[in-house]
Amino acid sequence: MDTNSIDQPKITETINFHGHWCPGLAIGIRAAEWALKEMGKSPDEEIVAVVETDMCGVDAIQSLVGCTFGKGNMIHKDYGKNAFTFYRRRDGKAMRLVLRSDIYGNTGPVLEKLHHKMQTEGLNQEEEKLWKETRSNLSKRIMESELTEVFEFKTPENLVPKKARILASLTCASCSEPVMETRTRRLNDQIFCIPCFEKVESR
Ligand SMILES: [Zn+2]
Ligand SMILES: [Zn+2]
């Protein structure tokens, strides 16, 4: 592990938070490492993370950087990319970290093949062992590489997202549950929550 890394107790805490050790979490830890070094930790909403995946790595960012869904300073864009953008409100500093595909090295094709077999016929004992070893090697590689070998650093196209606001609630005309105004749908002058709107609309 290189000298700038997050210390071992913090990594252990993050693994416990996530539930297991995996390459995805390692990716998140490295992104968090960059954010902590370049942006600082976020006890309030000072640092905002926009994550383009909802996979393992996001847990490391929540645990280590303090960007969480609950506080509203972690925003999920469902783009299916291993990309993490960090913004600092005070000076508008911003950077988008995109996982480099070559970080997989020769583990990429091996994992792809095994994953396919796992989904179809299942793995035998030997393949199971290879799967675990390859993933463990990949995690190690992600942890031990220079940050510039793990990520491409790009200037984000968008400005820092607006602060989390407390929004007015409206009442759904169908289920009568209160629902955040920005999530309501209108149909024939009535206000619906999204699930009710989808039911009404499909009738
Ligand atoms: Zn995981
Ligand atoms: Zn409803």
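How far apart do the C-alpha centres of domain 1 and domain 2 lie, and how does helix α2 pack against α5 and α3?

A: In this predicted model, the domain assignment divides the protein into domain 1, covering 8-154, and domain 2, covering 169-201, and the C-alpha centres of domain 1 and domain 2 lie 36 Å apart.

Turning to helix α2, which spans residues 23-38, its packing with helix α5 (residues 125-144) is at an angle of about 5°, and the two axes are 8 Å apart. Because angles under 35 degrees count as roughly parallel, α2 and α5 are described as roughly parallel to each other. On the α2 side of this contact are Pro23, Ala26, Ile27 and Arg30, which meet Arg135, Leu138, Ser139, Ile142 and Met143 of α5. By class, these residues of the contact of α2 with α5 comprise 6 nonpolar, 1 polar and 2 charged.

The other contact is with helix α3 (residues 57-65), whose axis comes within 7 Å of that of α2, the two crossing at roughly 35°, and this crossing of α2 past α3 is right-handed. From α2, the residues involved are Gly24, Leu25, Ile27, Gly28, Ile29, Ala31, Ala32, Ala35 and Leu36, and they meet Gly57, Val58, Asp59, Ala60, Ile61, Leu64 and Val65 in α3. The contact of α2 with α3 contains 12 nonpolar, 3 polar and 1 charged residues. Ile27 of α2 takes part in the contact with α5 and also in the contact with α3.

Notes: Residues numbered from 1 in each chain as written. Chains lettered and ligands numbered in written order. Predicted model: local features only at pLDDT ≥ 70, side-chain atom pairs only at ≥ 80, totals over all residues. Axes fitted to C-alpha atoms, helices over the stretch in contact; angles between N-to-C directions. Helix = DSSP H or I, 4+ residues; strand = E, 2+ residues; numbered from the N terminus. Parallel < 35°, antiparallel > 145°, perpendicular 65-115°, else oblique. Contact = placed C-beta atoms within 7 Å. Nonpolar A, V, L, I, M, F, W, Y, C, P; charged D, E, K, R; others polar. Left-handed = near helix turned anticlockwise from the far one by under 90°. Domains from an automatic or database assignment.
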